[in-house]
Amino acid sequence: MADKPQQPGHERPLSPHLSIYRWQVTMLASITHRATGIALSVGALVLAWWLVSISNGPEGYESFMSIATTPVGLVILFGFVWSLSFHMLNGIRHLAWDMGYGFNKVTATQTGSLVYVLSLVLAVGVFAFVWTGHAGYLQ
Amino acid sequence: MNSLQTPLHRVQGLGASHSGTGHFWRQRITALALVPLGLWFTFAMLGLAGTNEVAVLSFLAHPWNALLMAAFASILLYHMSLGLQVVVDDYVHGAGARIFCLLLIRFVVIATISTCLFALIRIAAST
């Protein structure tokens, strides 16, 4: 024993990994929160790109809009809108937990499902709002 | 109690984590600030959707809107750097790679905040 030093990562117990657990709403919401946060980091860079394109005058803005309004651009935009909806709603859920509310197992599962439903409703609502011609009120 | 350290010396400093609850609080406070700012941003984006370059330019040139956009962009990016730091802490092992990722995140965030603020100043100056 003494002449054989401990080898890290060899025959040592590991904590249970992701594949061990049954999928649950609370777990999925936690993973989605992180994933949407990473997606929104890309969104923040697009926001900077948008601001720079406006500051570059009409040609700069046109070139941004011609890329943003392609079908792929709109799908990505929907992704950002849903990510922002989810991350904000689930973030409020997290802030409630930090204050000690909603930690009950049933409540946490219900609010998790609620965040999924509401975020989808919000994202679809935003696109429906634009496509039914209600947007553009700041003209 | 085999240590020769005094109890005072043991509680000084921040231990193996090298930090206290500062990160936790900053993440929460920026999150709280981003709720109203995010709602204002959504209101602004919906109001500008389908308009032209002139409308966007005059909206962002308005001092209040420029200020709110500057606050939204910089707090968003600061919140982003705090969040990405946690992801790096969780998944990037090895001191060198971890420090590289954390520095990269900070550089990108500071550069992006500066870019946003400079763009807003250019927009304000152009009208």
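This is a predicted model: local features need pLDDT of at least 70, side-chain atom pairs count only at pLDDT 80 or more; totals for chains, interfaces and linings use all residues.
Q: What is the radius of gyration of chain A, and what would a compact globule of 139 residues have?
A: The C-alpha trace of chain A spans about 75 × 40 × 30 Å along its principal axes. Of its 139 residues, 22% count as buried. A compact globule of 139 residues would have a radius of gyration near 14 Å, whereas the value for chain A is 22 Å.

Q: What share of the contacts in chain B with a separation of 6 or more comes from residues 24 or more positions apart?
A: Chain B has five helices and zero strands, and its elements run α-α-α-α-α from the N terminus on. In the contacts of chain B with a separation of 6 or more, the share of residues 24 or more positions apart is 72%.

Q: Why is chain B described as more spread out than a compact globule?
A: The C-alpha trace of chain B spans about 75 × 30 × 25 Å along its principal axes, and buried residues make up 17% of its 127 residues. For 127 residues the globule rule gives 14 Å, and chain B is more spread out than a compact globule because its radius of gyration is well over that, at 21 Å.

Q: At roughly what angle do the axes of helix 1 and helix 2 of chain A cross?
A: Helix 2 of chain A covers residues 58-68. Where the two helices meet, W49(A), W50(A), S53(A) and I54(A) of helix 1 face G60(A), Y61(A), S63(A) and F64(A) of helix 2. By class, this contact has five nonpolar, three polar and no charged residues. The two axes come within 6 Å and cross at roughly 145 degrees.

Q: Is helix 1 of chain A roughly parallel or roughly antiparallel to helix 5 of chain B?
A: The axes of helix 1 (residues 25-55) of chain A and helix 5 (residues 95-126) of chain B come within 8 Å and cross at roughly 25 degrees. Angles under 35 degrees count as roughly parallel. The relation of helix 1 of chain A to helix 5 of chain B is therefore roughly parallel.

Q: Which residues of helix 5 of chain B meet helix 1 of chain A?
A: Helix 1 of chain A passes helix 5 of chain B in a left-handed crossing. By class, the contact has ten nonpolar, three polar and one charged residues. From helix 1 of chain A come A44(A), L45(A), A48(A), L51(A), V52(A), I54(A) and S55(A), and they meet T112(B), T115(B), C116(B), A119(B), L120(B), R122(B) and I123(B).

Q: Is L84(B) buried or exposed?
A: L84(B) lies in helix 4 of chain B. Not counting residues up to four places away in sequence, L84(B) touches S41(A) and I105(B). The C-alpha atoms of L84(B) and I105(B) are separated by 7.5 Å. Because 20 other C-beta atoms lie within 10 Å, L84(B) is buried.

Definitions and conventions. Residues are numbered from 1 along each chain as its sequence is written. Chains are lettered from A and ligands numbered from 1 in the order in which they are written. Axes are lines fitted to C-alpha atoms, for helices over the stretch in contact, and angles run from 0 to 180 degrees between N-to-C directions. Helices (H or I, at least four residues) and strands (E, at least two) are DSSP runs, numbered from the N terminus. Angles under 35 degrees count as roughly parallel, over 145 as roughly antiparallel, 65 to 115 as roughly perpendicular and the rest as oblique. A crossing is left-handed if the near helix is turned anticlockwise from the far one by less than a right angle, and right-handed if clockwise. Two residues are in contact if their C-beta atoms, placed from the backbone, lie within 7 Å. Ala, Val, Leu, Ile, Met, Phe, Trp, Tyr, Cys and Pro count as nonpolar, Asp, Glu, Lys and Arg as charged, and the others, Gly among them, as polar. The radius of gyration is taken over C-alpha atoms; the globule rule is 2.2 Å times the number of residues to the power 0.38. A residue is buried if 20 or more other C-beta atoms lie within 10 Å of its own, exposed if 12 or fewer, and partly exposed in between; C-beta atoms are placed from the backbone.
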